[in-house]
Amino acid sequence: MNNYKKYAEALYESSKGSKELLENIQHEIEHVAYLYKKESAFRLVFNSMRITNDKKINIIKGALKQFNPVITEFLSIVIEHNQSNQLLNIISRFNYLVAANSNIQKIDIITAQELDQSYLNDIVQTLSATMNVKPSVNHIIQPEIIGGMKLRIGNKIFDNSMRYQLNQLKKTLHNL
């Protein structure tokens with residue numbers, strides 16, 4: 001097992017005490033990832049060879065003092081074990097673990113125009129019963145699909161749009 005997976009699993013295990021704690025940790029760790037990606041000074045604290053680990057930890061604890069102590073302690077452990085270069089992998093794996101162990105499935109319903117709320121509720125209810133999970137639905141309007149519907153469930157896309165059907169017909173006619 002990769003080292004970053006161990007750290008992500010440790011963070012997940014220490015965060016799953018309650019749903020509220022897990023959501024808070026996930027939200028704050030996303031802020032850490034944003035800072036690491038976008039702020040060179042923040043990244044430099046983690047990666048500099050000129051700053052001792054104790055100073056790095058003090059800087060991080062001072063900068064993130066409003067964050068949950070689980071986050072600052074976790075980052076301290078990452079720094080102490082020289083895993084700073086794996087921080088984004090750890091965060092990505094943590095997010096994967098949260099999603100995989102959640103009973104909520106993110107679903108995008110993509111249509112050409114706004115759907116009636118009762119129709120949308122029927123779709124959600126059917127998906128919920130079929131998938132045995134609670135769906136978190138995001139309704140997206142894309143007029144370019146012309147009509148029909150696309151469903152994005154996790155990393156799978158079910159495309160029953162008019163645009164897709166027309167493209168399929170075009171390919172079939174082209175191959176004749």
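Okay, a definition before anything else: buried means under 20% relative accessible area, exposed means over 50%, and partly exposed is what sits in between, with a 1.4 Å probe and protein chains only. What we have here is a predicted model, where local features need pLDDT of at least 70 and side-chain atom pairs count only at pLDDT 80 or more, while totals for chains, interfaces and linings use all residues. Numbering runs from 1 along each chain as its sequence is written, and side-chain values use heavy atoms, with hydrogens and water left out.

So, Ile146. It sits in the loop between β2 and β3; helices (H or I, at least four residues) and strands (E, at least two) are DSSP runs, numbered from the N terminus. Ile146 counts as exposed, because its relative accessibility is 54%. Its phi is positive too, near 70°, and this is not a glycine. For background, most residues other than glycine have a negative phi.

Ile146 is also part of a nonpolar surface patch of about 640 Å², together with Met162, Leu166, Leu169, Leu173 and Leu176. Patch residues have over 30% relative accessible area and no salt bridge, and nonpolar side chains (Val, Leu, Ile, Met, Phe, Trp, Tyr) are joined within 5 Å, like charges within 9 Å. A salt bridge is a side-chain nitrogen of Lys or Arg within 4 Å of a carboxyl oxygen of Asp or Glu. The areas are Shrake-Rupley, again with a 1.4 Å probe, and for residues only the protein chains shown count as cover.

Now the sheet. It's open, with 4 strands in the order β2-β1-β3-β4 and mixed pairing. Two strands pair if DSSP finds at least two bridges between them. At the edges are β2 (134-141) and β4 (156-161), each pairing on one side only. Inside, β1 (residues 104-111) and β3 (residues 148-153) run antiparallel, joined by 5 bridges, and Ile110 stands opposite Lys150 in β3. Helix α8 (residues 162-175) lies across β3 and β4, at about 80° to β4. Axes are lines fitted to C-alpha atoms, for helices over the stretch in contact, with angles from 0 to 180 degrees between N-to-C directions.

Last stop, α5. Leaving aside neighbours within four places in sequence, Ser76 is in contact (heavy atoms within 4.5 Å) with Ile57 and Lys61.

And Asn82, in the loop between α5 and α6 (87-100), is another non-glycine with a positive phi, about 55°. Asn82 counts as exposed, because its relative accessibility is 57%.
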